[in-house]
Protein chains: 2
Amino acid sequence: MANRGGPPGQSLASLGEFGLIAALAATFPPAPSATVGIGDDSAVLATPDGNVVAAVDFLIEGRHFLRAWSSGYDAGVKAAARSLADIAAMGAIPTALLVALAVPDSLPAEWALDLASGIAAECERAGAGVVGGDTARADLVIVSVTALGSLPAGRAPVCRSGARPGDIVAVSGPLGRSAAGLALLRAGWPDHPGAAPALGELVAAHLRPAPPYKAGLEAASLGATAMIDTSDGLLADLGHVARASGVAIDVTTSALDLGDPLAAAANALIPRTDRDSAAATKKILSWVLAGGEDHALAATFPPSVPLAPHWRAIGTVRAGSGVTVDGAPYEAPSGWAHF
Amino acid sequence: MANRGGPPGQSLASLGEFGLIAALAATFPPAPSATVGIGDDSAVLATPDGNVVAAVDFLIEGRHFLRAWSSGYDAGVKAAARSLADIAAMGAIPTALLVALAVPDSLPAEWALDLASGIAAECERAGAGVVGGDTARADLVIVSVTALGSLPAGRAPVCRSGARPGDIVAVSGPLGRSAAGLALLRAGWPDHPGAAPALGELVAAHLRPAPPYKAGLEAASLGATAMIDTSDGLLADLGHVARASGVAIDVTTSALDLGDPLAAAANALIPRTDRDSAAATKKILSWVLAGGEDHALAATFPPSVPLAPHWRAIGTVRAGSGVTVDGAPYEAPSGWAHF
C-alpha cells in the first residue's frame, strides 16, 4: 500500500477531497449487481428477487476504535464487518456498501487509504463491492457504512421475532474473543508481561472481526426461525431475540467453548495471587456471555433440524421471557450500552 | 414536541440509548414498501422494478450546520433533504431512509427528538419512511442518512453522463438562496440592521432546503439525458455533468432569476458606500452560480422536449469541455471543496 496517496507523510489536506475520492474509488472493488456505481448522485443495483436488505453502522474514533490500537486497515475491516454482519444475520447475501467517511485534515493520506484497503478486503471476503459514499472533514475519524444485500429467490428474511418454544439456540463463529482481545489491549498488549504471542489471535479478533457470512445463508436454508448478529454481547443479543419473539432463552455453559485461547488470556490477565480456576471461569464467561463485538451469528432452529458443521448448539428456547444461564439469571453486566 | 423525551431539559444520558431509539422509532414514519422496518438487524424493502437506488450523505455539526443557527428540526430536515435529493436526481422515487445518529451525552433529549421530527417531516414531503439506523455517542452531532429509492417500471436511471451537444440545460428549484441565507446568518441575522424580515425565506432556504423531488421524476419522464442535485454550486455541479458526459456547458445569466429576494439581500449586505448595481449583480451571481446547498435539480434535455412548468431553461450543451458563463470563463470561486 506504500505511497498510493503520494509521498509518505502526505496529509489529506494536500491530497484534497477529489484526490481522496479518486483514491478510494480506485481501492474499492465494484459490486457485480451495480448498474450505476461510484461517481453519480446515487448508485443503482439490481435486486434479483425484488427485495433489498439494508443496514447502517457507525465506526467512530474514540468510541469504536482507537488509532493507537487500530491501523487504518483494521478500522476498515471492522467498519465493513459491522454492517455486513447485519445483512448475513437476515439470511441474506451481502452485495454492496455505501461508505461515508469523515476525516481530519491532518490525517496521513496513507491511513485513509489503508482504511479503504481494509474495507475492500472485507467486502471481498463477503462477496460485496462499494457503490458509493460521501466524504467530509471532521476533527476525528467517522465512518458510516451502509450495507445492502439480496435474499435468495423465494426465501423470506430471518428476523429476530421467529423463535418458538422448543427451538435449539446455536451460534456460528467464536464468542468472547473480541472482549478478551480488548482486555489484552487495555492491559498493555503486546507489552503486558504475561501475554504470550499466541494470544495475538484474540487481539486480532477484536481489531478485525470476521463474521461468518456464509453461515447466515446456511442457517436460513436449514430453516432457522430467528437470527441475530452478536454485536452487543451474547446474552444481550439473545435478549433482543427473546423479546422480539415473546419467548425465554436459556444458555447452557457446558456447551460453550471456554478453553484456549480464552483460558490462556484469563490466566495472563488475572494477577498471580488471585489466580484460581473459579476466577478464570468467571472472567472467561464474562467475555463469552457479555462481551460485545464478536459478530458471530446466533440463531434458533426447530429441534428437528440437524445442525450444519459451522453451527454449535448452546441453548434452548422455552415459553416465558428473558434470558437465563444454566437456568438462573446471570449476574454480571450483560452487554454494551452506548449511552 | 414538548416533553416527548421526558421532562424539559432532560439530557440524552438520562434517556439512555434504548430510550432514544424508542423515541426516534415513534417519531419516524414507516416506509410503505418495507416488509421489515426498524428493530431488526437489517431492514427489508420491496423493490418493484428489480432495482434499488441508494445514496448516503453526512450532516456534521460545525461543518454542515451550527447549533447556534439550526434547531434540531432544521438539522433533521437538512440531513434528510441532502440524501433524498440524490435519489430524485436519478429520476427515482424516494422510498426509505436509514438514519445513523451520533450525539453528545449532554445534548438535550428534546433537540434530538426535534431532529427526528425534521427528518420525519422531510420524509413525508418526499413520500419516504425510515426503516433503520444506528445510534452512538460522539462529542458532536453527526448524522449520516442513507436514502433508498425505486425507479418507475421500465425506466432507466438518469445519470450525469448522458448530456449531448445541442441539449438544453434547465433547473428546477431556486438557486443562490441557500448561499444568500448563509451570508445573512454570517452577517448577524436576524440582528443585522439592513436585513428585513422578508429575507427570512433565504435563511430558511439555507437551514431547511426543500428539494423539488417530483421534478426529478418529471424530468425523467420527459426524457432528461442527464441530471444532478445542485449541492456543490451550479457551476461545480454542471462541471460534474460536463466531465461525465464529455461535453461543454454554457450558462446564460439572462435566464437566471437574479431578482428579489436575492437583490434585496445583496443590498442589505453590501456596505452603503460600495453599493452599486454592478456590485450587487456580482454578489447575486456568486450566490446563484457558485453557492452550494440549494438542492435544486439541474438536468439536460433534448432540444425537442417542451419543458414542464417546474423547469427553467438556463443554458446549452455544446461539444467540448468545461463550463462557461455567457460564453466566457467564470472568475469567482465556483463551488465547495470539503478539504
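A salt bridge is counted here where a side-chain nitrogen of Lys or Arg lies within 4 Å of a carboxyl oxygen of Asp or Glu.

**View 1. Salt bridges and polar contacts between chain A and chain B.** Six salt bridges are counted between chain A and chain B, and in one of them the side chains of B:Asp41 and A:Arg160 meet at 2.9 Å, N to O. The interface also holds 27 residue pairs in polar contact, both residues being at pLDDT 80 or more (a pair of N or O atoms within 3.5 Å; within protein, one must be able to donate a hydrogen and the other to accept it, and residues adjacent in sequence count only if both atoms are side-chain atoms).

**View 2. The extent of the interface.** In this predicted model, 61 residues of chain A are in contact with 61 residues of chain B, contact meaning heavy atoms within 4.5 Å. The two chains bury about 5100 Å² between them, 60% of it on carbon and sulfur atoms; this is the accessible area (1.4 Å probe) lost on putting the two parts together, summed over both.

View 3. Strand E2 (43-46) of chain A pairs with strand E3 (residues 51-60) of chain B in the antiparallel sense over four bridges, where strands are DSSP runs of at least two residues, numbered from the N terminus, and pairing requires at least two DSSP bridges. Within this pairing, A:Leu45 has B:Val52 in E3(B) as its bridge partner.

**Notes.** The model is predicted, local features need pLDDT of at least 70 and side-chain atom pairs count only at pLDDT 80 or more, while totals for chains, interfaces and linings use all residues. Residues are numbered from 1 along each chain as its sequence is written, chains are lettered from A in the order in which they are written, and side-chain values use heavy atoms, with hydrogens and water left out.
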